[in-house]
Each structure stands twice: as C-alpha cells, then as structure tokens.
Amino acid sequence: MNNQPKIAYFSMEIAVKENIPTYSGGLGVLAGDTIFAALNLKVPMVAVTLLYRKGYCFQKLDSSGWQIEEPVEWIVEDFFQELPERIKVDIDNRIVHVRAWKFEIKSPSNFIIPIFFLDTDLPENAETDRALSDYLYGGDQYYRLCKEVILGIGGVRMLRALGYQHLERFHMNEGHASLLTLELLEESRAASKRQAVSEEDIENVKKQCVFTTHTPVAAGHDKFSMDLVTQVLGKREVFSRKDIFCCEGVLNLTYLALNLSHYVNGVAKKHGEIANLMFGHYSIDSITNGINVSRWASAPFQGLYDRYIPSWKEDNFSLRYALNIPKNEVWESHMQAKKQLIQYVNRETNIGMDQDVLTIGFARRATAYKRGDLIFQDVEKLKSIAKEKGAIQLIYAGKAHPQDREGKELIQRIIRVKESIKNEIRVVYLENYDVELAKLMTSGVDLWLNTPQTPMEASGTSGMKAALNGVPSLSILDGWWIEGCIEGITGWSIADEKQKHDSRNDSNEDSFLLYDKLEKVIVPMFYKERGRFISVMQHCIALNGSFFNSQRMLQQYVLNAYFN
Ligand SMILES: *Cc1c(COP(=O)(O)O)cnc(C)c1O
C-alpha cells in the first residue's frame, strides 16, 4: 500500500488525546481508537472532525449532587497546527469561511495519519458562524444543522483543498457526517458536466461511501425539516429525489447515509439485527466495536504483556496466550492498577476506600436507559450481601448531557443513596469522567457493572477496556456482552439467555437477578476462591482482550467496507 490516503474518516467527535476536549463519550473514543488502529495497521487514512473551542465539558456536582457543566478552557494552538488553506461553504445565504487545524499521529516507522479539525472562528465570518465552532452538543436545530454542513460539505471541500484527490472511501462514523454525500453528488455531477444529478452520480457516490450507525436510541438520529434544510442549503434540485432525501418533509440524516452507502454496519451483532429491523429494507451488516489495546491497557498490564506476550501490540490476537501468564502475576499487576485508582479516589474524595475490598465500577453517560441506580433498587438487600458475604465498595462516574434533565436527576439519586448507606457501603461519584479517568477506572476496579435496558446499548466499549485489564463484567446481556459473555468464564450476565427473552426491562426483576449473582457467585468467589476469580480474569484477557480490540475491528472494515 502506498502512503497516499485512500480512506477519509468523518466523525462529529474524536477523542485523540487527553486534554483535547473534542468528544463527549463513546462515539468519540471509538473514533480515536479506530484511527489509532489504522495507524497500527498502516491503513492509509485521513480523518475529519470539528473543532470545539468551548470543549465538552467540565462537570461539577454541587452539594445536592446536581450537575453543573462548564466549557473546558483549552488552548487550540498548544495542540494543533493551523493550515493556510481556506474553503467556503454557503449557509443560509451567508458565505462561511472555514479553516483546518492539523493533528498528526505517527507510528514508530513514521507512518502518519492526519486529523483535521474544521474551524469557523475567523474574523471574516459573521458572529453566528464564528460560534459554530463553540460547542459539540447544544444549541438548536439550526445550529446543529449548520455544524453538520461544515463537517460534511466543508469537510470534503477541505480535503480537496488540501490535495486529497484520490480518496476511495468516505466513512461516515454516525449520521452526523452524512451531508458529505451531497458534496460528493455535486462533484460527480460537475465532473460529468450534467445539469442534474443522475443515477450514475448516485451509483458513484454509493461506491465511495461507508456508513456506521451507532445507536438504536431515537434521539441519536438527526432529523431536520426540509424547510430548515432548504433555508440553510438553498433550494437544490436534488432534494426532489424523494428516494434519497425526504420523507414527509423531513430530512433524516441516517436515511440519507443509508441511501447513499454501499456498505452499512451496526456496531455489534445484535445491534446489526436491531438496525435491520429499525430501517426496513436496507441490508445492514455488523462489525463489533473494539478498543485500542496500547491506549487502554494500564501501565502494570503493559509491563506484564511486554514480559509474557512481547508481540501483543503488533498482533492483538496473541493476547490469546494470556492463559499462560502465572496467576500471581496477573493478580499482582491488577493490585498495582487498583492501588492507583484507590489512591486517586481517596485523594479526590477523602472517603477512605480500602484496596482489599471488592470494588465495583460503573462509569457511563448518566442517562435513564443505562440505569446507573439499578444496583440500589433494593438497598437493604445490597447491604445484607455486603454484611453476610463480604464488603463491597462502589465507584461511579459519568456526565449527563447538559440538556438531559433525567440524567442529572439520576446522578442526584445515586448521590443521595450514597449518603444514606455510607456506614455500610462506601460509594463515590467521581466528577468529570474522561478518557484518563476511564483508563484508571476500567483497569482499577475488580468488577465492571453494566445495567442498560435492552436493546438500547448498541455495543458499549468500556467493558472491553476492563476485559483487556483482566477486569470481568457483570452485565445485562446487550450490545457486545452478548458476544463476550461466557457465563462464569469471562464474567457474568444479569438475566441469562432464557430470562433475557422474556425480559421486559423490569428493574425489580433485573435487580433481583443482579443481587443473586453478587450474593451467590461473585462476592464469595472474590473472597474465598481467589484462584477461580483470577482464572476468570485470565479468560477476560485471553478470550475478550484478544478479540474486542480495534485492530480486529479495523481489519473487518478493511475486508468488508474499504477495499471490497
Ligand atoms: C470508553 C468510554 C466511553 C464509552 O463507554 P460505554 O461502555 O460505551 O458506555 C465513554 N466515555 C469515555 C470517557 C470512555 O473512555
């Protein structure tokens, strides 16, 4: 493969590095891990995203547990290099000038992947347009659509201005980027000097486009009224193609991407099935998400793997051989990672957690369907397990989206319970969950808890980070865990295969099953059968770390989507 990039990867958010606050959560972290995997496999890729000067988001919890969010202050110039190229996009009869900032990731052998952050904060732009580079989420429909015009249309134009003429694939990581299809249609039409977009143009664009859909949650799919779309983009002949653009006066960006891609996938097997049901007559494949192992293995486990599986970074499949790592060394490395986390917790909160106590971690976006408080459904039961079977402590983190009132109430509820049980069970809610804290938590707890309502968790990736660090999950069977869970071997399910089928997401029922697993299986094994517990840890690495990584994931994108 020569070095001329062939794949353009578009994502509304990308988490490339600590302290660059241009992501909100899973989607952005996955985008970052995908790009790191491309670097590792030398897949010729460029990435395009937007710059957010008022970064997402600094979370504080007030004394009542209510979330207050502030922009993250950061200095763009400290991280990125400004490029001289400028492009223009027409928005609502205004000309918007766009520049790009470059961030490069480079392999030891000098293979490079550039990431371009588009920015409208230029003096020649109107104030409204300068502000498009402020926030990742927030603002109204108009604000959001304008940003998606910058990402999709502006992104393609910027790539061309930067000299990328021979891109073969445009990968839309979620529907936010799908307006790029409009620009590609226009390019195709102009190249053939046709007056209007033709079937040939549509086929041309389809050949180039790949689309990954990420969520069954309705709010995750952008919809704009055609009136708004026409106001922002002007009247375009192509909008009259009802088969591509418009159902009942609404432009749904997910359908736009579905209509104009030759390959579409969901992010886990089950999610692929759900997406096929959601969207009807499209053929949707699945590529299960993965995480970047160099990024997510804690320092103690990096050392352990370097000693026992020296090729683990170049060849993630070789983590399969983790079963041969002596149990005492796995435990030793885990205790080092755990100590780091417990020290952090105690320094931040002065709660006095004990590193020998079974520590359960839960860190997710605080939103209703993830049910962060499921483990508190019956507090008396939880207390009695801790009393009878062995002590438990709980570490929480996670931000609510600024507009998600229910999510904020969920955090507040958890904090109230935490106060009420502090004499029996230590609980903390750590502020400001980000990639650094995610790394500390997923590697430092003993058990990773996940309690979504099915089938809302398309994949989930934090449990994969935990598995790579030998931390088993206790999780509802949804998303990746349907594939990753071998009961009692790689972790535990809450509601098994049979129970899952009649599951109505009844929180009483689910919490009962959760307590049952803790009481009868996990807590006793942790305290009384340490060897068996460590065997589960080894299988987390060998069976799940070796597979649920972004190297395997990107190989599947290469095989099925990029070069097919
Ligand atoms: C990994 C990660 C996520 C995604 O975790 P889920 O399991 O999908 O909830 C979200 N935020 C941060 C900071 C992460 O590192």
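Two strands count as paired if DSSP finds at least two bridges between them. I keep that in mind for the sheet entries below. The model is predicted.

**Entry 1: the sheet edge**

I looked up E12 and E13 first. Strand E12 (residues 263-266) pairs with E13 in the parallel sense, over 2 bridges. Gly 266 stands opposite Ser 286 in E13. I then traced the whole sheet. It is open, has 9 strands with mixed pairing, and runs in the order E5-E6-E7-E2-E1-E8-E9-E12-E13. Strand E5 (81-91) and strand E13 (285-286) are the edges, each pairing on one side only.

**Entry 2: helices on the sheet**

I checked what packs on these strands. Helix H1 (residues 26-41) touches strand E1 (7-11), strand E2 (45-50), strand E6 (94-106), strand E7 (112-119) and strand E8 (169-173). The direction of H1 makes about 145° with that of E7. Helix H20 (residues 550-562) lies across E1, E2, E8, strand E9 (209-212), E12 and E13. H20 runs at about 125° to E8.

**Entry 3: strand E1**

Is E1 covered or open? I find 5 of its 5 residues buried. Ile 7, Tyr 9 and Ser 11 are buried on one side, Ala 8 and Phe 10 on the other. In a regular strand the side chains alternate between the two faces of the sheet. I also listed the partners of E1. E1 pairs with E8 in the parallel sense over 5 bridges, and Ser 11 stands opposite Asn 173 in E8. E1 and E2 are parallel too, over 4 bridges, with Ala 8 opposite Val 46 in E2.

**Entry 4: the cores**

I turned to the largest nonpolar core, which holds 89 residues. Ile 375, Phe 376, Ile 395, Met 441 and Leu 518 touch the most other members. Helix H18 (residues 507-528) gives the largest share, 8 residues. Domain 1 (7-289 + 553-562) and domain 2 (293-548) both contribute, so this core lies between them. A second, separate core has 68 residues, among them Leu 132, Tyr 137, Phe 245 and Ile 284.

**Entry 5: Lys 370**

Is Lys 370 buried or exposed? Its relative accessible area is 12%, so Lys 370 is buried, the cut-off being under 20%. I place Lys 370 in the loop between strand E14 (358-363) and helix H12 (379-389). Its side chain makes a polar contact of 3.1 Å with that of Glu 457. Beyond four places in sequence, Lys 370 touches Phe 362, Arg 364, Arg 365, Thr 451, Pro 452 and Glu 457.

Terms used:
Residues numbered from 1 in each chain as written. Predicted model: local features only at pLDDT ≥ 70, side-chain atom pairs only at ≥ 80, totals over all residues. Heavy atoms only, no water. Buried < 20%, exposed > 50% of the residue type's maximum accessible area, 1.4 Å probe, protein only. Polar contact = N/O pair within 3.5 Å; in protein donor to acceptor, adjacent residues only side chain to side chain. Contact = heavy atoms within 4.5 Å. Core = buried A, V, L, I, M, F, W, Y, C linked by side-chain atoms within 4.5 Å. Domains from an automatic or database assignment. Axes fitted to C-alpha atoms, helices over the stretch in contact; angles between N-to-C directions.
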